[in-house]
Amino acid sequence: MKKFKLSKQAKIDLTGYAFILPNIIGVCLFTLIPMIFSLIISFTDWDYTQGIGNWNFVGIKNFIEMWQDEWFTSSLINTIVFAVGVVPVTVFLALILAVVIDKYCFAKLPIRLALFMPYISNVVAVAIVWVMMYSPWGPFTQLVKALGVENPPQWLGSTTWALPALMLMTVWSGVGYANMIYTSALQGLPGDVYEAADIDGANEITKFFKLTVPFLSPTTFFLIITTFITSFQIFAPIQIMTRGGPGTSTNVLVYYIYTSAFTFYRMGYASAMSWILFIILFGITMFQWYGQKKWVSY
Amino acid sequence: MKKMKRFASLGMAAIMTMSALAGCQSAPKETQPASAEGGSTTATTEAAAPETKKETGGEPVVLRMWGGVPAEAGPQEACDNFNELYKDKGIQVEYERFVNDDTGNLKLETNLLSGTGVDLYMTYTPSVLTKRAEGNMALDLTELIERDGFELTQYFGSMAESFYINGLPYSIPTKLDQYGIVLNKDMFDAAGIEVPTEWTYDEFREIAKKLTHGEGQDKVYGMFWNSQQDLCYLFDYLVAQTNGGDPLYVSETESSFADPVVLKSVELLNNMMNVDKTSPTHTDSVTQKLSQEGMFLTGKSAMTVGPWMVRSIKDTANYPHDFMTAFAPYPVVEEGQRNFTQGGYGDHLCINPKSQNVDAAWEFAKWYATEGMLPVVAGGRVPASNTYEASEVTEAFVKGAEEYLDLESTQRVLITPADNYAVPSITKRIAEVKKVAVEELETIFIGQQSVEEGMAKAKTRADEILNKE
């Protein structure tokens with residue numbers, strides 16, 4: 001009889017597992033196993049056209065080689081510049097917009113919707129439209145010309161401006177999402193604290209910095225981590241708009257990993273770089289996680 | 001209430017299962033190209049798949065042939081002809097189009113490596129052919145050739161041997177590629193310039209200057225280099241004529257980027273783009289996504305690289321134009337430097353070693369190379385086999401476009417075979433060497449470094465890559 005009593009809990013557990021089973025299988029097949037596989041081949045010189053098993057273990061050679069590889073180091077720098085540029089601007093802009101729209105705007109919903117549209121639009125379509133926007137007949141060049149600049153920058157055709165141009169586009173398409181998260185967080189702010197501040201004679205600016213920003217800090221923390229990760233993984237716009245060019249100016253890490261794997265056929269090397277990317281992202285996230293104690297108030 | 005709950009959970013379960021099923025269904029479809037052209041054949045191919053498994057029992061063998069040319073540009077008609085001829089012999093063929101770019105080739109290779117989804121396929125460049133031969137994705141044809149006495153040299157001359165990999169035939173070359181400058185004959189006539197049969201870089205540059213006129217949006221350029229598509233054209237088409245089939249290399253361990261012919265060619269492009277302004281700059285090409293169709297066929301440039309755009313020239317429905325197109329060989333550095341003809345064999349027809357119908361595939365390959373190609377000639381592909389008459393080929397080539405294609409220069413530049421083709425032999429780390437070249441060339445053409453600086457950098461970087469063990 002004791003046996004049956006035990007199996008009651010087991011039964012509940014089993015039901016639970018049965019429900020998550022389809023998902024677990026999916027995760028194993030399409031995430032876990034490939035991840036382990038990529039870890040293994042990162043220690044090999046595998047050229048994937050040679051078929052599975054046709055590889056030599058080369059130890060940590062791949063991990064050493066990449067630091068002497070100009071393509072790797074320059075793409076890493078580009079990625080860091082990209083992320084460091086995109087993340088603060090996106091998050092800050094979203095915060096300002098959320099507060100301003102919440103307080104001072106008519107027709108809040110359509111405005112939020114308009115901001116959110118780029119986020120749910122197809123990346124490919126967005127990228128192609130932006131290519132036209134950056135063309136010499138596009139609004140950016142015309143605007144700069146109207147401001148009296150003789151030789152307007154060639155945006156995507158210039159080694160200096162291509163990366164900032166991509167960053168601007170990414171901010172534009174990411175700000176709607178961050179704005180929405182902020183907006184929903186704003187709804188939960190305690191009104192009595194603001195009333196007290198009003199009575200004490202605090203103006204709007206003081207209230208924003210002393211109340212709103214600290215109240216929203218957990219949201220900011222969440223957004224910084226997620227936007228950081230997504231901007232480290234930027235790929236589609238690069239593939240469509242610049243293919244890493246001109247020169248190496250927009251060659252980012254994920255794009256170089258793709259190039260090594262599918263143009264150079266160096267799957268082992270590409271896997272090694274992917275793991276380095278993972279370690280970098282993991283490191284940054286952990287750092288932020290510990291750093292949050294200093295500025296996030298729950 | 002309880003009932004409701006149970007009903008709801010049942011519904012949820014049903015939805016979940018259904019979505020799982022949908023997931024299963026869509027997975028195999030992804031291996032088929034869903035391009036507009038390939039779309040219509042997808043269904044039939046899938047239906048035909050199980051049939052090929054059983055070769056006996058009177059069921060015809062259905063071969064699956066993959067190529068990069070849209071089905072309606074000839075391959076479908078060729079396959080239909082074959083199906084008509086072989087319907088009593090129990091072999092049928094289905095054509096499937098893959099897009100011949102990185103992604104499309106990856107899709108094809110994934111199919112080849114993972115199983116029997118493809119019986120025959122086209123490989124378009126020698127470096128990829130090497131990769132596939134060495135990677136067990138292409139069948140060694142030696143035995144079949146010996147069995148049937150189908151000596152490749154008998155049909156394709158000794159150049160066929162240049163496309164052997166490690167001394168073994170892994171493909172039948174089917175297409176003869178002879179490249180040249182595509183030019184707007186009406187503009188040449190108006191400027192009083194004869195269609196050139198021989199010219200140097202300097203003469204070419206002068207002619208481009210004469211053909212350039214206008215300003216801003218109405219400007220007509222002498223030349224359009226199509227540089228946003230591929231900057232290595234420069235090596236493959238200009239340098240190869242003087243230096244031979246390995247324009248990127250001096251040897252296995254040294255790149256050619258310090259070679260005087262290479263430097264002269266880079267200078268030519270740079271001068272035309274940035275000094276003479278007789279060609280859209282690389283920046284223009286990239287930022288405006290210029291295309292050959294958009295430039296040449298709309299009369300915005302008098303010349304462009306070619307002749308792969310014959311397909312579009314003949315497609316007057318999509319690209320309406322009213323001028324005559326003629327062809328000229330690529331210019332050479334200096335007189336007497338034309339050591340090689342720019343051209344070679346393309347469309348290497350390979351058989352998948354994992355195919356269960358190797359014999360049938362071989363039958364089709366032989367037929368296609370020696371008899372079946374006329375429908376694809378109309379799409380601009382000249383057959384490599386000597387079993388076709390030159391006049392018959394020219395006729396098929398200009399068919400339907402007699403008013404748009406100059407017969408004489410078409411036959412002379414594109415169809416009449418030469419005997420001194422530039423044949424590639426070195427492919428070592430070619431993707432990486434090309435990437436280096438493209439990056440430095442881009443920086444040169446947008447004016448951020450000089451030709452000498454850039455090519456010196458390219459040489460250092462490429463040599464370093466070539467000398468890595």
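Visitor: Which residue of strand S12(B) stands opposite Leu176(B)?
Guide: Val382(B) does. This is a predicted model, in which local features need pLDDT of at least 70, side-chain atom pairs count only at pLDDT 80 or more, and totals for chains, interfaces and linings use all residues. Residues are numbered from 1 along each chain as its sequence is written, while chains are lettered from A and ligands numbered from 1 in the order in which they are written.

Visitor: Why are S2(B) and S12(B) called edge strands?
Guide: The open sheet of chain B has six strands in the order S2-S1-S3-S11-S4-S12, with mixed pairing. S2 (91-97) and S12 (382-383) each have a single partner strand, so one side of each has no neighbour in the sheet. Helix H3(B), residues 75-85, packs on this sheet, touching S1 (61-67) and S2; touching means residue contact, with C-beta atoms placed from the backbone within 7 Å. The direction of H3(B) makes about 170° with that of S2(B), on a scale from 0 to 180 degrees between N-to-C directions of lines fitted to C-alpha atoms, for helices over the stretch in contact.

Visitor: Why is S5(B) called largely enclosed?
Guide: Five of the five residues of S5(B), 180-184, are buried, so the rest of the structure largely encloses this strand. Buried means 20 or more other C-beta atoms within 10 Å of a residue's own, again placed from the backbone; exposed means 12 or fewer, and partly exposed lies in between.

Visitor: What makes helix H6(A) hardly covered?
Guide: Of its eight residues, 139-146, the count of buried ones is zero. Gly148(A), which follows H6(A), has a positive phi near 95°.

Visitor: How many residues of each chain take part in the contact?
Guide: Chain A gives 21 residues and chain B 22. The chain A side divides into nine nonpolar, twelve polar and no charged.

Definitions and conventions. Pairing = 2+ DSSP bridges. Helix = DSSP H or I, 4+ residues; strand = E, 2+ residues; numbered from the N terminus. Contact = placed C-beta atoms within 7 Å. Nonpolar A, V, L, I, M, F, W, Y, C, P; charged D, E, K, R; others polar.
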